[in-house]
Amino acid sequence: MIRTAIPALLLTLSLAACSSPETDEQTAAAEQSQAAASEAATPPAAEPAPAELAGSCDDTQAQWIIGKTPTEKDIEQAKNDSKSDAVRSLKPGDAATMDFNPNRLNVILDEKGAVASVNCG
């Protein structure tokens, strides 16, 4: 008798575990899932860029220096025109940090000492 009762009990428990939850539980779970998906799909509000990342440098205002062999006065004028906080002149072969500084004007010189290009960063 016990031999037939144990399989019947196991079968009953297995079927009970597979039964579907209450309709209210299903609805609540679906709504919660939809709310989470909607929240995840909504892009976060754009935060304003910090002042140090916004960059005040405008290299288009310093393009006049390209082709010139610049003096210190020319470099300073290009810095002021571009509204940058700092300026660095780089000759071929000069070591330079790879950090990006949006408020810095880079004056790139060629082998002859003439300005080949200017850019911010």
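We'll walk through a sheet, then a core, then a loop residue.

Before you click, know that this model is predicted: local features need pLDDT of at least 70, side-chain atom pairs count only at pLDDT 80 or more, and totals for chains, interfaces and linings use all residues. Residues are numbered from 1 along each chain as its sequence is written, and side-chain values use heavy atoms, leaving out hydrogens and water.

Start with the strands (DSSP runs of E, at least two residues, numbered from the N terminus). Three of them make an open, mixed sheet in the order β1-β2-β3. Strands β1 and β3 sit at the edges with a single partner strand each, so one side of each has no neighbour in the sheet. Now select β2 and β3: they pair in the antiparallel sense over 5 bridges (pairing takes at least two DSSP bridges). Click V107, and you'll find its bridge partner in β3 is V118.

Next, select C57, A62, I65, I75, A78, L105, V107, L109, V115 and V118, which make up the largest nonpolar core (buried Ala, Val, Leu, Ile, Met, Phe, Trp, Tyr and Cys residues joined through side-chain atoms within 4.5 Å). β2 gives the most to this core, with 3 residues.

Last stop: N103, in the loop between β1 (86-90) and β2 (104-109). Is N103 buried or exposed? N103 counts as buried because its relative accessibility is 9% (buried means under 20% relative accessible area, with a 1.4 Å probe and protein chains only). Zoom in on S56: its backbone nitrogen lies 2.7 Å from a polar atom of the N103 side chain.

Conventions: Helix = DSSP H or I, 4+ residues; strand = E, 2+ residues; numbered from the N terminus. Buried < 20%, exposed > 50% of the residue type's maximum accessible area, 1.4 Å probe, protein only. Polar contact = N/O pair within 3.5 Å; in protein donor to acceptor, adjacent residues only side chain to side chain.
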